[in-house]
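Hi there,

Here is the structure I promised to pass on to you. Please open it alongside this email and look up each residue as you read.

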Amino acid sequence: MTPTIPPLLHVSRPTGSIILLELDAPPANALGLPLRAQLVKALDEIATDDDVRAVVLTGRGGVFCAGDDLREAAVRGDGALAAVEDFNRLMDWVEALRVPTIAAIDGWCFGGGLELALACDIRLASDRATFAASGVNIGLVASATRLPRLIGAARAKAHLLTGAQFDAARALFDGIVTAVHTPGTLLREAMRLAEAVSSRAPLAVEATKRVIDGKAYVEEELPALIASGDHKEAIAAFMGKRTADFRRK
């Protein structure tokens, strides 16, 4: 009998519009090839599900993600470059996802784990989270595009060129995360934020994300938004002093 392999990624739906993704590859939730494949599958399904309006990404076991699986990397041989390129494509896919993603960061967030968090749209951390832009520690380049884009070149270089660890307070000060919570309330706060996002007009949320990410211009997005049923519903709800019922149409 073939042994059952436990899932490395748990996918759940706390509400009809929010997907929760939980990395579960102890002890470090490292992004080896099997976990990457499960994450890609989940992202592909989310991308085609119009009912999904927000995603929360976190790690189980008091760890967010410690980056690539270095034990696996040690035996990749001639496939090492292909594995790194595969990782970079996964980060691009996370960043390009149609709906906003919120990273709830607890514990280690190192190297590729930091890159995964940076590929998300919003990041929250627990007060015990520890970060490192550790590409230079393993002879690679990592986060050298997303981190400077987020916090500016000067602050980013202090992290990228040293690979030194830093705490949640520094991440908040530098603007890497937008809030710090206790470990016990982190996921709840991330879900609360996801609920706020998912309650807004979804076509407008998706268009706003595209504009922020440089994938579109406001002038390109406005005609369809103005003609949308969601915009008409928003006006009707305002006039009727009721909560809008957005249908993504």
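Below I go through the core, the aromatic pairs, the salt bridges and the helix packing.

First, some ground rules: this is a predicted model, in which local features need pLDDT of at least 70 and side-chain atom pairs count only at pLDDT 80 or more, while totals for chains, interfaces and linings use all residues. Residues are numbered from 1 along each chain as its sequence is written, and side-chain values use heavy atoms, with hydrogens and water left out.

**The core**

In soluble globular proteins, nonpolar side chains tend to be buried together. A nonpolar core here is a set of buried Ala, Val, Leu, Ile, Met, Phe, Trp, Tyr and Cys residues joined through side-chain atoms within 4.5 Å. Buried means under 20% relative accessible area, exposed means over 50%, and partly exposed is in between (1.4 Å probe, protein chains only).

The largest nonpolar core has 44 residues, and the members that touch the most others are Leu21, Phe64, Ile105, Leu116 and Phe131.

(Helices are DSSP runs of H or I with at least four residues, strands are runs of E with at least two, and both are numbered from the N terminus.) In α4, 8 of the 8 residues are buried, so the helix is largely enclosed by the rest of the structure. Among them are Gly112, Glu115 and Leu118.

**Aromatic pairs**

The structure holds 2 aromatic pairs. Rings of Phe, Tyr and Trp (its six-membered ring) pair if their centres lie within 6.5 Å; planes under 30 degrees apart count as stacked, over 60 as edge-to-face and the rest as tilted.

- Trp108 and Phe110 are stacked, at 6.1 Å centre to centre with 25° between the planes. Trp108 is partly exposed at 42% relative accessible area, whereas Phe110 is buried at 15%.
- Phe131 and Phe166 have ring centres 5.4 Å apart and planes at 15°, so this pair is stacked. Phe131 lies in strand β7 (residues 130-132) and Phe166 in strand β8 (residues 166-167), so the pair ties together parts that are 35 residues apart in sequence. Phe131 is buried at 0% relative accessibility, and Phe166 is buried at 7%.

**Salt bridges**

Side chains of opposite charge can pair when their charged atoms come close. I count a salt bridge when a side-chain nitrogen of Lys or Arg is within 4 Å of a carboxyl oxygen of Asp or Glu. How many salt bridges does the structure hold? There are 23. Here are some to find:

- Arg149 pairs with Glu95, and their closest N and O atoms are 2.4 Å apart. Arg149 sits in helix α5 (residues 146-151) and Glu95 in helix α3 (residues 80-96), so the bridge ties together parts that are 54 residues apart in sequence. Arg149 is exposed at 55%, but Glu95 is buried at 15%.
- Glu189 meets Arg192 at 3.4 Å, N to O. Both lie in helix α8 (residues 183-198), 3 residues apart, about one turn of the helix.
- Arg36, Asp68, Glu72, Arg76 and Asp86 are linked in a network of salt bridges.

**Helix packing**

Two packed helices are described by the angle between their axes and the distance between the axes. Axes are lines fitted to C-alpha atoms, for helices over the stretch in contact, and angles run from 0 to 180 degrees between N-to-C directions. Angles under 35 degrees count as roughly parallel, over 145 as roughly antiparallel, 65 to 115 as roughly perpendicular and the rest as oblique.

The axes of α9 and α10 come within 10 Å and cross at roughly 170°. That makes α9 roughly antiparallel to α10. Arg210 in α9 and Glu221 in α10 are among the residues that meet there, and their side chains form a salt bridge (2.8 Å, N to O).

Next, α10 packs against helix α11 (residues 229-239) at about 60°, with their axes 4 Å apart. That makes α10 oblique to α11.

Happy exploring!

Terms used. Contact = heavy atoms within 4.5 Å.
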